[in-house]
There are 2 protein chains.
Amino acid sequence: MSHSKGRLYVISGPSGTGKGTICGEILKDIRNEFSVSMTTREPREGEVHGREYFFVTHEEFEVNIGRNNFLEYATVFDNYYGTPKDIVLKKLEKGRNVILDIDVQGGLQVKAAMPEAVMIFLLPPSLTELRKRLENRGTETPEKIEKRLSKAVDEIKFIGEYDYMVVNENLEEAVATVRSIMTAEAARIPDKVLPIIRKYEQEQKGE
Amino acid sequence: MSHSKGRLYVISGPSGTGKGTICGEILKDIRNEFSVSMTTREPREGEVHGREYFFVTHEEFEVNIGRNNFLEYATVFDNYYGTPKDIVLKKLEKGRNVILDIDVQGGLQVKAAMPEAVMIFLLPPSLTELRKRLENRGTETPEKIEKRLSKAVDEIKFIGEYDYMVVNENLEEAVATVRSIMTAEAARIPDKVLPIIRKYEQEQKGE
């Protein structure tokens, strides 16, 4: 079945759903890797160009916007952040799966730019449970928590744009479900099936 | 997310690919069950109506054809065999997955009658391997084996009509892949997402 291409996975979900932890588990598989974003912000101590980010100037970033080379991009505090398409495509071509841990707004941009992206939405079992998890972090004021909960509900309104939903009730099960989705997607029959048919036909003729 | 419906799985593949064994493993999960066919042939000793088959008269069968109640049907040696739609739908409604172990011709009929069926194609790693497996059975003449191999290639030509392909190189892995496909399909976001959104919205308002 020769060499098969990788797939782009968009993983979104309200903060507190365990997205980071789940992505971390998924990345233990060497076929999977994170996409590295491009940014105009200054590198911090210890950050390496091409590892944490591709650090570029405003001009370079805008050249990439001009040639339509972002799957998504946004401005945060006067700095650009974006996912460069060419780099993602190169990784997929090599057979790696690229994982994009991104908010719903960014996820929808990616889907528009690359409709074949596999879209996974992580959900908390309930809002009460999400509140509990955010409170247990102990790092946020009650006001900030309310804001996060209301943002969560706003994000969930876009769930219809996604392909799969994984309710993170139990971390191990949620990770297993995401892995199953990736296994299933790798087993999906491609648009072009002639090479598959040819392989068996040629074997038959060669006999 | 309340009670979710089951799915219909069509599993096809050339004889000798291990379809029976794989289906047997899948059926160990109580959420999965085989579809029971309707037939006009006489019950054999020990066969129970509703378990092996629904045994009916020619007239009854043709009434079902008339009201379009078959996902697929065929005639074999003057007898009808078919998959009754109403019974499958009832099982799906109860949340069970229905597994149809069926040849490609039947599989395509099912897809036409129920486009939401999940279509899985089992493949042998190679024709050489398939030949070896058929020879090892020791039950068939070389002519019959040649006929099966050529039928296998004819069936594989329809692989583009299927959703997933699973190469049975290693039985355990093949079973795990089919299970992953079923897990992924259960995580698929439904067409109607409003009930999901409402659940979280109501929780927010109730607080």
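Two strands are said to pair if DSSP finds at least two bridges between them. Helices (H or I, at least four residues) and strands (E, at least two) are themselves DSSP runs, numbered from the N terminus. This is a predicted model, in which local features need pLDDT of at least 70 and side-chain atom pairs count only at pLDDT 80 or more, while totals for chains, interfaces and linings use all residues. Residues are numbered from 1 along each chain as its sequence is written, and chains are lettered from A and ligands numbered from 1 in the order in which they are written.

Chain A contains eight helices and nine strands. Its C-alpha trace spans about 75 × 45 × 30 Å along the principal axes. Of the 207 residues in chain A, 34% are buried; a residue is buried if 20 or more other C-beta atoms lie within 10 Å of its own, exposed if 12 or fewer, and partly exposed in between, with C-beta atoms placed from the backbone. Two residues are in contact if their C-beta atoms, placed in that way, lie within 7 Å. Among contacts in chain A between residues at least 6 apart in sequence, 68% join residues at least 24 apart.

One sheet of chain A is open and has four strands in the order E4-E3-E6-E5, with mixed pairing. Its edge strands are E4 (53-55) and E5 (70-76) of chain A, each of which pairs on one side only. Neighbouring strands are turned by 25° against each other on average, direction ignored. Within this sheet, strand E3 (residues 37-39) and strand E6 (residues 79-84) of chain A are antiparallel and share two bridges. There, A:Met38 stands opposite A:Gly82 of E6(A). Helix H2 (residues 58-66) of chain A packs on the sheet and touches E3, E5 and E6 of chain A, its direction making about 140° with that of E5(A). For such angles, axes are lines fitted to C-alpha atoms, for helices over the stretch in contact, and values run from 0 to 180 degrees between N-to-C directions.

E8(A) runs parallel to strand E1 (residues 8-12) of chain A, to which four bridges join it, and A:Phe121 is the bridge partner of A:Ser12. E8(A) also pairs in the parallel sense, over four bridges, with strand E9 (residues 164-167) of chain A. Here the bridge partner of A:Phe121 is A:Met165.

In chain B, five strands form an open, parallel sheet in the order E2-E7-E1-E8-E9. Strand E2 (32-34) and E9 of chain B stand at the edges with a single partner strand each, so one side of each is left without a neighbour in the sheet. Strands E1 (residues 8-12) and E8 (residues 118-123) of chain B are joined in the parallel sense by four bridges, and B:Ile11 has B:Ile120 as its bridge partner in E8(B). Helix H3 (residues 85-93) of chain B packs on this sheet, touching E1, E2 and strand E7 (97-101) of chain B, and its direction makes about 140° with that of E7(B). H7(B) lies across E7, E8 and E9 of chain B and runs at about 160° to E9(B).

The relation between the chains follows.

At the interface, 30 residues of chain B are in contact with 30 residues of chain A. The axes of helix H7 (residues 171-187) of chain A and H7(B) come within 7 Å and cross at roughly 110°. That makes H7(A) roughly perpendicular to H7(B), a term covering angles of 65 to 115 degrees.

Terms used. Angles under 35 degrees count as roughly parallel, over 145 as roughly antiparallel, 65 to 115 as roughly perpendicular and the rest as oblique.
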